[in-house]
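Dear colleague,

My notes on it follow below the entry.

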Amino acid sequence: MVYFVPDFVIEGVGYNALNKSRKDLLTIYQKLAFVPIVNTQMVLDDKEVKYFARNSKVLGGFVHEVLEAIEQKCKEGDCLLMDFPFAVNFAGYNKIVSYAKAKGTRIIFFVHDLDGIRFNNLFLNMIDSSCLDMADCLITASKRMDEVLFNNLKVSKKVKTINHDYWDYILLDDTLNQHIDHMVCFAGNLSKSPFLSKLPASFVELGFTMYGKGYLPSYLGDYAGEYDPETLASILDGKFGLVWDGKSAKTCSGGIGKYLKINTSHKFGLYIATGKPVIVWSKGSLAPLVKEKRIGIAVNSLSEAASLLASFDQKEYEEMRENVLMLRKEVINGNHLSKVILSSLN
C-alpha cells in the first residue's frame with residue numbers, strides 16, 4: 001500500500017507556485033490511487049504561518065494524528081510519501097519518519113526545495129540532512145541536486161534518488177494558449193526578481209510582459225497583473241517564456257539566482273503548458289533538457305537572449321513550438337510526474 005501525508009494549504013499568499021505545485025502533486029497522488037494517511041488537510045492563512053510553526057499545541061495535534069494513523073494502517077513493506085519540505089516548515093518530520101521506519105515502512109520524499117542551500121543557512125542544512133538521510137528514496141530536481149545532497153548535506157549514498165527534471169502543470173481546460181503579441185513573458189513572484197529593474201533595452205524593446213504579485217515601478221516592460229494559475233495559463237502573452245532569477249540580467253546571480261543550477265523552476269511547466277518555447281540560463285539545471293529537446297534557448301545573459309530573438313526566423317520558431325507541444329501532452333495531465341513517482345516505488 002502507498003500512503004501519503006497531505007501537505008498544508010496556505011491561503012493569503014496570492015497566486016504563486018507554492019500552492020499550485022503542491023495541489024498538482026495531490027491530484028497526481030489521487031490519480032495514482034495513493035491513500036492519504038489522514039483525512040486532515042490543514043488550511044492556514046499566510047498571517048498564521050509563522051505563529052503556527054511555533055504553536056506546539058496545534059502542530060503537536062497534527063503530528064499525533066499522523067503517528068496514530070501510521071500505527072493503525074502501515075505495515076512492513078508499505079510506502080509513505082511526503083513532500084519535502086511541507087508548505088510550512090515544522091519539526092514533525094523526523095518524528096513521523098522515525099515512527100514509520102520503525103514499522104518497516106519505506107519513506108519517499110518529493111523534494112521541492114533545499115532551503116538551507118537556497119538561503120545559505122547551515123542550521124537548515126543540518127536539519128534537512130538529518131531527515132533526508134532517513135529516506136529510502138528522494139525524488140529530486142536534477143543530478144546536480146543529488147551531488148549537493150551527497151556532498152554538501154552528507155546524505156548517505158545508500159539513499160536512492162530519482163530526478164524529475166521538470167514540473168508538470170495540470171490544466172482543467174486544455175485549450176491551447178494562442179497569445180503571442182509580446183516576444184517574451186515572465187510569470188512568478190516578482191518581489192524576488194530584482195533583475196526586472198535591470199533588463200537591457202534591447203530585450204525590453206522586443207516586447208516583454210510580466211505577471212504576478214510584487215510588481216515595482218522600477219521594473220521594465222509591461223505589467224499585466226496577477227491571476228490564478230488556470231486563468232494565467234489562458235491569458236499569458238508571449239512567444240517565449242522566461243526562466244530567470246536573481247539580481248542581474250547579465251547572469252543568474254546571488255543565492256536565489258545560483259539556486260537554478262540545481263533546482264527546476266515551476267514556471268517552466270507553466271510555459272510548456274501554454275505552448276511557449278522557453279529562455280533559460282545556460283548554467284541552470286534546465287539547460288541540457290532545453291537543448292536536447294529543442295524547446296527553447298539557453299543563454300548566458302538577457303542581452304544574448306535579445307540578440308538571438310532578434311534574428312529568429314519563423315520556421316525555427318515553429319519547429320521549437322512543435323517540440324513544446326509534444327511535451328505539453330504529458331505536462332498538462334500530470335503524466336510526466338506520475339511516471340517519475342511510480343518509478344520511485346520500485
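This is a predicted model: local features need pLDDT of at least 70, side-chain atom pairs count only at pLDDT 80 or more; totals for chains, interfaces and linings use all residues.

Residues are numbered from 1 along each chain as its sequence is written, and side-chain values use heavy atoms, with hydrogens and water left out.

Of the 346 residues in the protein, 53% are buried, where buried means under 20% relative accessible area (1.4 Å probe, protein chains only). The C-alpha trace spans about 60 × 40 × 35 Å along its principal axes.

The protein has 15 helices and 14 strands, taken as DSSP runs numbered from the N terminus (helices H or I, at least four residues; strands E, at least two). Six of the strands form an open sheet with parallel pairing, in the order β11-β10-β9-β12-β13-β14, and two strands are said to pair if DSSP finds at least two bridges between them. The edges are taken by β11 (222–223) and β14 (296–299), each of which has a single partner strand, so one side of each is left without a neighbour in the sheet.

Helix α13 (residues 302–310) packs on this sheet and touches β9, β12 (240–242), β13 (278–281) and β14, a contact being heavy atoms within 4.5 Å. The direction of α13 makes about 145 degrees with that of β14, with axes fitted as lines to C-alpha atoms, for helices over the stretch in contact, and angles running from 0 to 180 degrees between N-to-C directions.

Strand β9 (residues 184–187) pairs in the parallel sense with β10 (residues 208–211) over four bridges, and with β12, also parallel, over two bridges. V184 has F208 as its bridge partner in β10 and stands opposite F240 in β12. From β9, V184 and F186 point one way while C185 and A187 point the other way, and all are buried.

Best regards

Key: Buried means under 20% relative accessible area, exposed over 50%, partly exposed in between (1.4 Å probe, protein chains only).
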